[in-house]
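Open the model in your viewer and keep the selection panel at hand. The tour below goes stop by stop, saying what to select and what is there.

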2 protein chains.
Amino acid sequence: MNNFEFKNPTKIIFGKDTIAKITTEIPSEAKVLLLYGGGSIKKNGIYDQVRAALSDIETIEFGGIPANPEYDTLLKALDVIKEEKITYLLAVGGGSVIDGTKFLSAAALYDGDTPWDILEKGIKTEEGMPFGTVLTLPATGSEMNSGAVITRKETKQKLAMGGPGLFPEFSVLDPQVVTSIPERQLANGITDAFMHVLEQYLTYPIGALLQDRFAESILQTLIEVAPKVLKDPTDYKATTNFMWSCTMALNGLIQKGVPTDWAVHGIGHELTALFGIDHARTLAIIAPSHYKFNLDTKKEKLAQYGERVWNITEGDIEEKAKAAIQKTEEFFNGLGIDTKLSKYTDEYKGTAETIAKRFTDRGWTGLGEHKSLTPDNVQEIVEMAY
Amino acid sequence: MNNFEFKNPTKIIFGKDTIAKITTEIPSEAKVLLLYGGGSIKKNGIYDQVRAALSDIETIEFGGIPANPEYDTLLKALDVIKEEKITYLLAVGGGSVIDGTKFLSAAALYDGDTPWDILEKGIKTEEGMPFGTVLTLPATGSEMNSGAVITRKETKQKLAMGGPGLFPEFSVLDPQVVTSIPERQLANGITDAFMHVLEQYLTYPIGALLQDRFAESILQTLIEVAPKVLKDPTDYKATTNFMWSCTMALNGLIQKGVPTDWAVHGIGHELTALFGIDHARTLAIIAPSHYKFNLDTKKEKLAQYGERVWNITEGDIEEKAKAAIQKTEEFFNGLGIDTKLSKYTDEYKGTAETIAKRFTDRGWTGLGEHKSLTPDNVQEIVEMAY
C-alpha cells in the first residue's frame, strides 16, 4: 500500500424527506445564491422543497447552468455573487451544477487577475465561499469531493480544478429524487459510478486489500441494484443503495494508497468534445478496448475483479481477465448503453487519429497508472472501440 | 436503509515514516501538551520521532495515562493544561491515551461546575480544544471518531462521552509501530476491531447493501491478515491492512443507515470491571453466547455473514448461522484468545447473576438492536459463556 492522506469534511444528510434540513445547515444571516440547471427541479417538486426550507433566509436564484458547466455562464453567476454580496452558495442539481458551484466558490474569493487562472494555471483552492448541495442525480460523486470539471466552449477546453477548500459543507441526498430521473440518465449515472470505481481499481496489485474489497463492494452493489433502479425508480431499497454507491465511488476513500488509471476518462472526454456523446457513454465505449489493450499490465486485477465481482471461476488469469472485460461490456449493454463508437455516429473513421493528434498537440505526458500510454497507443485503443 | 447523517473531518496521514508530518499539522504558535501512556513509546523510538517533529513547537509532557483512562489521572493533566495555558493536545498512544485526550479536549473548554458533568450528565461536546493523535496500537478506532470511554475507579464507573467537537484534527498512522507491539496486544487489537464490525453488522437485514459489504470487507481483511500480523509484525503488507481495517471498523461509516447492537460491549465491560479481563477478550467471551441466544432475531444476518465471510455453503439459514458462530469462535481461538469465562478465572460461578443485578440496579433500558434484552436474558447469555 502506498502512503496516503485522507480528509473529507463534507456532512452527508441522507434519506427520505431530508431536503428540509438545509434550513439548519445554512447560517440564518447568510445571503444565498441558489444555483440550478435547466429547470427540471421546478417540475419534480424539489425546487418547492428547497424554497420552503429557505423561507427565512435571504435567497437569490441563478438557473440555467448547462451540462458540462460552461465558463461564460458561470461568469454571469459570478457577477451576481459580487453585485448582490452573496455569502453562501447552494447547488441544487447533478454533477454539472455542483461542479459549476465549486468554480464559483473558488472564483468568489479569488483575488488574481482573472478567474480563468484557477483553471488554466491549475490553482488549488485552499478556501472557497461556503456552499452546500442538494443532489438531484446520483452519478458523479461531486457532492462529496473537492474536484470539478469546467468547460469553455470558446476555446474548446475542458479543465479540472479543485482543492481542500472546495468540499461542500453539506450535501443532502434524498433517494426519492431518483423517481423523476429519465431512464437514459439513470443508465448514465450507474455507468459513471461503475467506471469511477474501475478507474481506481483496475490497475496492478499493491497489497491494498481493504481498498480493493471496498471497490468490489461498490461494483457488486451497483450490479445488484442497476436492473431494479431502471425497472422501477420508486424502489426505495434499490435507489438508496444506488445513490450511496455513487457517492462512495468518488469521495476519495477507495483511491487512497493505490495507483489510479483515469485513461478511460482522458480519452472519453475527447469523444464528448468531438461528437457530443454523453460522458458516461464515452466511458463505456473506451473501457473495454482500454482493458483489452492493456491486458498484460492489468490482468492480475482484471482476473481478481472477474473472480470476486462476476464470480468467474474457470480459466487461467488471462482467461479470467478477458471474461471479466466481456462481463463489463455485457453489463453496460444490459443498461441499454452501446459500447462501440460506430453505434453513436457514422462518421467514426479517423477519430482515433484525430484524438491521438489532439493529445500530441497538447504536449503529451502519458496516460494510465504507469503514465506510459503514448498517442499511438491511444489511437489503437480508440480504433479497437469502433 | 434508515436515514442518516455522516460527517468525519479527521485528516488521516497514513504510511511509512509519517510521524515527522505532525510538524506542519500543529500551528507553530501552539503550546502543546504531549500525552502518552506507560512509556513504551520511549523504548520503541516513537517518542524520539515525535519530539523531533515538535522541536520548534513549545511542548510540555504528561505521561502515565493508564489503560481504561482514569478520571483522577486525567484531572491532573487538566491542571497542567490550565496552569501552563496549553492550546493544543497531542495524544501519542493507543485507544486509552486518545480517549483520555478527548476527555481533556472537552474538559479544557468546559465552563460548568465540574468536568465530571461531561460524563455523568452525558454532555455532548460541540467544541473542544484542538488535538491530534499518533496511533501506536491499532484496535479501537478512536483515532478517527469522536467518542471516548472514561473510567472512574473511585465510583467503579465506566462512562461514554463524545460529540462533534471531539474528532482529532489529524491522526498519524504509521504501520511500522506494529513491529513493537506484544503479541497479546496484537491479538486483542484484531479481536477488538473484528467485534466492532460485528456489533454494527450482526443485527437484522435492512437493505443497506453497501454498508453490509463494507462490513464484510473489513472482516475478510482482518481474517486474511491476522495470522500474518501475529507471525511477523514486520510484514508491512499485513500491518498496513490491519491498521487501516481497525480505523475503518469504527469511524462511523459502516454504522450509517443500519441498526446496531453493542450488547456484547455492554456485557463485556462488566467482565473487565469484575475480573480485570482485557476488553477485547471479554468481547470474545460474550459474543458466541450472545449470538446463539439471539439466533432467532439474528439468523438472517448470521447466515449472510457465514456465506460471504466464511464461505459456508451447506445447510439452511439456521445451520449456516450456527456454523458462522462456530467459525467466529474458532477465529478468536486461533488468535490465542479463549472464549470461555472459566478459562480466565476459577471464580466464575455467580457472575451471571451479579452482572444481571448490576444492570437491574442501574435502571434497565434494554440491550441489543431492539433494546429488548432483559437482565434475565443477560444472565442466561453470561451463563452460556462459562
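Two strands count as paired here if DSSP finds at least two bridges between them. With that in mind, select I13(A): this residue stands opposite E5(B) in β1(B). Remember throughout that this is a predicted model.

**Stop 1**

Now show both chains. How many residues of chain B are in contact with chain A? There are 32, and they meet 32 residues of chain A. On the chain B side, three elements each supply at least two residues: β1 (4-14), α8 (209-231) and α9 (236-249). Colour that side of chain B by residue class. It divides into 13 nonpolar, twelve polar and seven charged residues.

**Stop 2: the sheet**

Select the strands of the sheet. Twelve strands form an open sheet with mixed pairing. Walk across it in order: β3(A)-β2(A)-β4(A)-β5(A)-β8(A)-β1(A)-β1(B)-β8(B)-β5(B)-β4(B)-β2(B)-β3(B). Which strands are at the edges? They are β3 (58-62) of chain A and β3 of chain B, each pairing on one side only. Look along the sheet for its twist, which averages 25 degrees from one strand to the next.

Step to β1(A) and strand β8 (residues 170-173) of chain A. This pair is parallel and has four bridges. Pick K11(A) and find F170(A) opposite, in β8(A).

**Stop 3: a helix pair in chain A**

Select helix α14 (residues 351-361) and helix α15 (residues 375-384) of chain A. Their axes are 8 Å apart, and the helices pack at an angle of about 155 degrees. Angles over 145 degrees count as roughly antiparallel, so α14(A) and α15(A) are roughly antiparallel to each other. Their crossing is right-handed.

Show the contact residues. From α14(A) come T351(A), A352(A), E353(A), I355(A), A356(A), F359(A) and T360(A). From α15(A) come P375(A), D376(A), V378(A), Q379(A), V382(A) and E383(A). By class, the contact has seven nonpolar, three polar and three charged residues.

**Stop 4: a helix pair in chain B**

Move to chain B and select helix α10 (residues 263-275) and helix α14 (residues 351-361). The axes come within 11 Å and cross at roughly 110 degrees. Roughly perpendicular covers 65 to 115 degrees, so α10(B) and α14(B) are roughly perpendicular to each other. Here α10(B) passes α14(B) in a right-handed crossing.

The contact residues of α10(B) are I267(B), E270(B) and L274(B). Those of α14(B) are T351(B), T354(B), I355(B) and R358(B). Three residues of this contact are nonpolar, two polar and two charged.

**Stop 5: a hairpin in chain B**

Select strand β6 (residues 147-152) and strand β7 (residues 157-162) of chain B. They run antiparallel and are joined by six bridges. Centre on I150(B), whose bridge partner in β7(B) is L159(B). The hairpin has four residues between the strands. Among its residues is K156(B), which takes a positive phi near 50 degrees.

**Stop 6: two loop residues with positive phi**

Select D17(B), in the loop between β1 and α1 (22-25) of chain B. Its phi is near 55 degrees, a positive value in a residue other than glycine. Is D17(B) buried or exposed? With 10 C-beta neighbours inside 10 Å, D17(B) counts as exposed.

Next, select N68(B), in the loop between β3 (58-62) and α4 (71-83) of chain B. N68(B) is a residue other than glycine with a positive phi, near 55 degrees. N68(B) counts as buried, because 20 C-beta neighbours lie inside 10 Å.

Finish on E183(B), in helix α7 (residues 183-201) of chain B. This residue is partly exposed, with 13 other C-beta atoms within 10 Å. Then draw a distance from E183(B) to G336(B). Their C-alpha atoms are 9.5 Å apart, while 153 residues separate them in sequence.

Technical notes. Residues numbered from 1 in each chain as written. Chains lettered and ligands numbered in written order. Predicted model: local features only at pLDDT ≥ 70, side-chain atom pairs only at ≥ 80, totals over all residues. Axes fitted to C-alpha atoms, helices over the stretch in contact; angles between N-to-C directions. Parallel < 35°, antiparallel > 145°, perpendicular 65-115°, else oblique. Left-handed = near helix turned anticlockwise from the far one by under 90°. Contact = placed C-beta atoms within 7 Å. Nonpolar A, V, L, I, M, F, W, Y, C, P; charged D, E, K, R; others polar. Buried ≥ 20, exposed ≤ 12 C-beta atoms within 10 Å, placed from the backbone.
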